[in-house]
Amino acid sequence: MDDPRALLQVRDLTAQFNRDGVPSRVVNGISFDIAPGEAVGFVGESGCGKSVTARAIMRLAPEGSSVAWGGRILFRGRDLLRIEEREMRDMRGRRIAMVFQDPMTSLNPVMTVGAQIDDMLCRHAGLSRRAARRRTVELLGLVGIRDPALRADDHPHQFSGGMRQRVLIAIAVSCQPDLLIADEPTTALDVTVQAQILRLLMRLGRELGMALMLITHDFGVIAGMVERVYVMHGGDIVESGEVDALFAGPQHPYTRALLAAVPRIETAGRTT
Amino acid sequence: MSAPGPLLRVRDLCVTFPARRGRPPVRAVDHVSFDIEPGQTLGLVGESGSGKTTTGRAILQLQPASGGSVRLLGQELTAMRRADLRAMRRHMQFVLQNPYSSLHPRMTVAQILAEPLTVHRSVPRERIPERVAELMTLVGMDPKVVHRYPHEFSGGQRQRVVIARALAVNPDFVVCDEPVSALDVRTQAQIVDLLHSLQEKLRLSYLFIAHDLAIVRAVAHRVAVMYGGRLVELGDAARVYDSPAHPYTRNLLDAVPIPDPARQRAKLAEAAPEPQFRGRDGETGPCVFGEDHAASGTPAWHEVAPGHGVSCRFWPPGACPGQELPRI
Ligand SMILES: Nc1ncnc2c1ncn2[C@@H]1O[C@H](COP(=O)(O)OP(=O)(O)OP(=O)(O)O)[C@@H](O)[C@H]1O
Ligand SMILES: Nc1ncnc2c1ncn2[C@@H]1O[C@H](COP(=O)(O)OP(=O)(O)OP(=O)(O)O)[C@@H](O)[C@H]1O
Ligand SMILES: [Mg+2]
Ligand SMILES: [Mg+2]
């Protein structure tokens, strides 16, 4: 069971909230692995526990709630649910980074976009202010922000929804983490910019060995990006497998139902 | 309050964000014009940062326009007094792009949904709980969870609360900004069905902003494509999807991800096509349609078929409308 190749091994993970004074379990003991440099996808219906699972790896409870986690999350052999907060803080951002589902809540509204990336680079990559700004402008350019040097001085509310989402991606990859957790990272992007971001993430995987845990409702995105897929339903993993096999022959009825519901654009000859 | 003509008429709408130190003002929306008929949906697609949300906000008067006109139900909104505008708000609602930050964190879902009902006095006070439960059911959620706070919900559940809030007061016109992007494909289909059935029952009209072109095709009667603050193409959905006339529209349609691993991987492995645009502002001489707009003072807009218009700006070099365009 302890594959030495694994970067991340999650074993019997549970998550429980206290709702109306009654404990309610939303993740029911799931196990999965991610190898170094591997891209793994998570799909499943709204509310099935994908974000709660992702946050458990970051050991971050949703804002304003307390959550009880159980099981083990081994990252390079260290159990993230049991290490000291200090060690965990060091992991976040530098070793494991996350793009959260809601971009606005994870950006600081009173700080310029550039300063937020600069901070990250100074703190985790040990860059000087000046070097950090150079890198920040480069990163904003990489995620397709036009006039990055100028726009670095904007505040988040001056960015469009998709631009904010790209800022989060820039922040997350800024310190070249070993594992990037991306929770619906491209929902606010048009398909051309989305393709640009997906290519960037693939390149980071190839060139820096960054592993990717990709949560998305978009089966087109899953299809091109990941090697393996986990399908979640009601707090359980109900199916997992190689992406080609899963698309070709989904086993679980829920997976079949999901794939059957994928909206298709009938523009024969156009999308090829 | 019915009026002849379109439900919504937008003409030469402009939004400019003021200049700041060392940089020029940003024209986020640049002479945008379109109509929406009662019971119709206009899909608005385009590049991230092209001005879609700002257009929606300016129509609803949540963002001052720097020029142009917006008429809803025959009434000019841009010059309306605050009190009149407040009364108009019952007719027009917004489903915001960002579900979490648009929900008040210290209000329960029941309070969130009751608020517009109280403000617009659309149902008697004692009927409010009933209407709240009805709205929850409408968006596929269990009415039993109404006493919870927004943070206790998943991303997709919050998005449905936002949709329920917009529908609470039975509006005539709703701007839906990425209303289903946080939802799984099955819930998406359910919300799309809901929007359809409300449209049929109540003759609702939507401005439907989305990046998912398959969804837009499923919901929109007409589609507008935005690039750099302008509309570059506008026409019936089938025409725009099957015979796109503007190179940016083609880029967009070509980039739609395919839910097939081998094909999608191959597609991502190809280099991204760079849009090659010309026909920038201030350019003189004839456009690709042979018309000199600077000389004639006409807008840089051409009908390629009835109801299907395209901008002659940003055509790739050498391309001729009506002819097969080179792949870019
Ligand atoms: N802070 C919280 N307090 C109580 N319950 C919560 C909290 N956060 C999430 N939940 C519940 O936990 C379950 C899983 O939520 P999660 O956010 O992981 O779903 P998800 O799979 O990410 O869904 P989506 O695709 O809609 O984002 C949901 O039923 C949700 O209502
Ligand atoms: N309050 C503001 N101040 C300054 N500039 C702004 C402001 N709001 C938006 N902008 C700019 O206006 C342009 C259009 O933004 P808008 O949010 O309308 O884009 P969008 O088409 O909705 O993009 P997305 O698909 O990414 O949501 C962007 O360049 C954005 O940075
Ligand atoms: Mg989620
Ligand atoms: Mg937007």
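Colleague: What distance separates a nitrogen atom of ligand 1 from an N or O atom in the side chain of A:S65?
Modeller: This is a predicted model, in which local features need pLDDT of at least 70 and side-chain atom pairs count only at pLDDT 80 or more, while totals for chains, interfaces and linings use all residues. Residues are numbered from 1 along each chain as its sequence is written, chains are lettered from A and ligands numbered from 1 in the order written, and side-chain values use heavy atoms, without hydrogens and water. A polar contact is a pair of N or O atoms within 3.5 Å, and for A:S65 and ligand 1 the distance is 2.6 Å.

Colleague: Which residue has a polar backbone atom 2.8 Å from an oxygen atom of ligand 1?
Modeller: A backbone N or O atom of A:K50 lies 2.9 Å from an oxygen atom of the ligand. At 2.8 Å from a ligand oxygen, the polar backbone atom belongs to A:V52.

Colleague: What share of the area that ligand 1 exposes when taken alone does the protein bury?
Modeller: Accessible areas come from the Shrake-Rupley method with a 1.4 Å probe. Taken alone, ligand 1 exposes 640 Å², and the share buried by the protein is 94%.

Colleague: Which element of chain B supplies at least two residues of the shell around ligand 1?
Modeller: Ligand 1 lies between chains A and B, and 22 residues surround it (a heavy atom within 4 Å), with B:S154 and B:G156 among the closest. Helices (H or I, at least four residues) and strands (E, at least two) are DSSP runs numbered from the N terminus. In chain A, β1 and α1 each supply at least two shell residues, and in chain B so does α5 (155–167).

Colleague: Which strands lie at the edges of the open sheet in chain A?
Modeller: Four strands form this sheet in the order β2-β1-β4-β5, with antiparallel pairing, where two strands pair if DSSP finds at least two bridges between them. An edge strand pairs on one side only, and here the edges are β2 (22–34) and β5 (78–79).

Colleague: Which residue in β5(A) is the bridge partner of A:F75?
Modeller: Strand β4 (residues 67–75) of chain A pairs with β5(A) in the antiparallel sense over two bridges. The partner of A:F75 in β5(A) is A:R78.

Colleague: Is B:I209 buried or exposed?
Modeller: B:I209 is found in strand β8 (residues 205–209) of chain B. Buried means under 20% relative accessible area and exposed over 50%, with partly exposed in between (1.4 Å probe, protein chains only). Because its relative accessible area is 1%, B:I209 is buried.

Methods:
Polar contact = N/O pair within 3.5 Å; in protein donor to acceptor, adjacent residues only side chain to side chain.
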